[in-house]
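Hi there,

Here is the structure I promised to pass along. Have a look at it first, and then read on for my notes.

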Amino acid sequence: MNCTKKISTLVMTAVMIASFACVFTACGNDDDPIINNGEEEQTEEKTDEMITEETVTLSAEDFTEYGYLKDGVYYKLNHDKLTATITAVADGVTRLTPPKGIIFNGYNYTMPTVFGNEYIYAPSVETLYLSARYTSIEPLLGFTALKKIVVSTDNENLKSEDGLVLSKDGQKLLYVPICSPTPLKIPTSVSIIANRAIYYNTTLSELTIPANIKEVRGGITNNQFETLTIESNNIEIYSECFARNENLKKVNLSNGIKTVGNALFMFCKNLEQINFPDGVTSIGKLAFASCKLTEINLPSTLTYIVTDAFRDCATLHKVYYNASSFTSPDKNALDIASMTELHFTHKGEVTGFTKSSFSQDVYSKCRLFIPKGYKSSYDKEPFSLFKNVTEE
C-alpha cells in the first residue's frame, strides 16, 4: 500500500500551516535538493532498544535555503534561544534517530523533549527511534510512510510495543503511526486511548476498540477505516471522537454502551449502518449529523434524544422505535426532515411524547406505523396529529 500517496491530500492543509513546510511542499520535484541530498540508505536496522543519541555539529557551510542540512536531516536554529528543531528529512531516509543536541559556532543548541511539537516533513521515514529524553509525542502528519516507533527502554515517560507508543505504565495508548501494520492490535494493558492517538491513519480498514478500553479521549478523526467495532461495555467516549471519518460505513456497538455522545459521528458522510443495542439511553446533539443512514432501529431503553441528533441526514427515511416512555425535554427531538416512515413497535401506551416532539413537517409528511390492534394506545396527541397512520 502506498501510504504516502493516500495521505498526501489529507496532510496538505497541515503543510500549509507552517511556512517552512510550505517551502518543502512547493519544491517537491526530482531536482529538489531536499529530496535528493540525503545520505545513502542505511543497511541495518537497530535491534538494541537502548537508543543512544549523538550530538550533531553544524557549520555555516551546511546552510541551505531550506535550513541547515546534515546527513539528510534539515534543522532550524533559533540563535536567540539557542534551540534547534528538525524541519524535514530527505526523501530516501527510512530511519531517523533525532540528535541529542546541536553544536553551532561553539554554542550548544537544545532539542525539544516533545517530539512532533512542530511540523516535520519526512516522506520516507518508516521507523523512528526516540531516546530517553523524550517526554511525549504529538501526531506526526509529515511522517507519511511511518510504520513503527521504537522508544528507548530507559525512557521514564514512554515505551513502545509493536511499534506503538504507550505511556511508561502501559495504560495509555499515545500514538499509532500513520502507516502502522494492520490489523491494529491495542495491547491488553491499555485502558485509555489518548486524544489524537489514532489520527490520519491510512492503513486501517477497520478499527476495533477492545473490551479493556475504558476511556477514549477523542481525536480519532480523518482516518481511512470503514468499520468501527466497540467491544467495551463500560467505556467513556469524548464528544466528536469519531467525527469526520469520511470512509466510515458501519459501526458495531457493544451491549453495554449507554450514551452516544454529542457529535460523536458528525460528518461521517458515508456512515450507512449502526446498531443501537439494548442499554443505550441517550443520543447527544449532532451525534449523527450529515451521516448517510437510511434506517435506524432505536431500542426500548432509549428515552433521551437531543434536538438535531440526526440533523442533515438526507437519506434517513425509516425510524423504528420500541420505547414505552420518553423523557427528553428537547423540542423536536425526533424532527428528522427526511423521515417518511416512523414505526412505533411498543404494544401499549407510550408516554412522554408531546406535541413539540415532532415538527409540523413530520406530522404532515411522515407516515406513522403502530402495532395492529393497539390504535387506542396511540389515539391522543402527539400521535393523533399525524395525517397518515397505518396499523401493521
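This is a predicted model: local features need pLDDT of at least 70, side-chain atom pairs count only at pLDDT 80 or more; totals for chains, interfaces and linings use all residues.

Let me start with Asn-223. This residue sits in the loop that links β18 (215–216) to β19 (227–230). Its relative accessible area is 3%, so Asn-223 counts as buried, the cut-off being under 20%. The side chain of Asn-223 makes polar contacts with backbone atoms: the backbone oxygen of Ile-198 is 3.2 Å away, and the backbone nitrogen of Asn-201 lies 2.7 Å from a polar atom of that side chain. Leaving aside residues up to four places away in sequence, Asn-223 touches Ile-198, Tyr-199, Tyr-200, Asn-201, Asn-245 and Asn-247.

Next comes Val-306, which is found in the loop between β26 (304–305) and β27 (318–321). Val-306 is also buried, because its relative accessibility is 14% and the limit is under 20%. With residues up to four places away in sequence again not counted, the contacts of Val-306 are Ile-283, Gly-284, Lys-285, Asp-330 and Ala-333. Lys-331 is 25 residues from Val-306 along the chain, and the C-alpha atoms of the two are 8.4 Å apart.

Finally, a word on cysteines, in case you were wondering about them. How many disulfides does the structure hold? The count is 0. Cys-241 is buried, with a relative accessibility of 0%, and Cys-366 is buried too, with a relative accessible area of 0%.

Best wishes

Note on methods
Residues are numbered from 1 along each chain as its sequence is written. Side-chain values use heavy atoms; hydrogens and water are left out. Helices (H or I, at least four residues) and strands (E, at least two) are DSSP runs, numbered from the N terminus. Buried means under 20% relative accessible area, exposed over 50%, partly exposed in between (1.4 Å probe, protein chains only). Contact means heavy atoms within 4.5 Å. A disulfide is a pair of cysteine sulfur atoms within 2.5 Å. A polar contact is a pair of N or O atoms within 3.5 Å; within protein, one must be able to donate a hydrogen and the other to accept it, and residues adjacent in sequence count only if both atoms are side-chain atoms.
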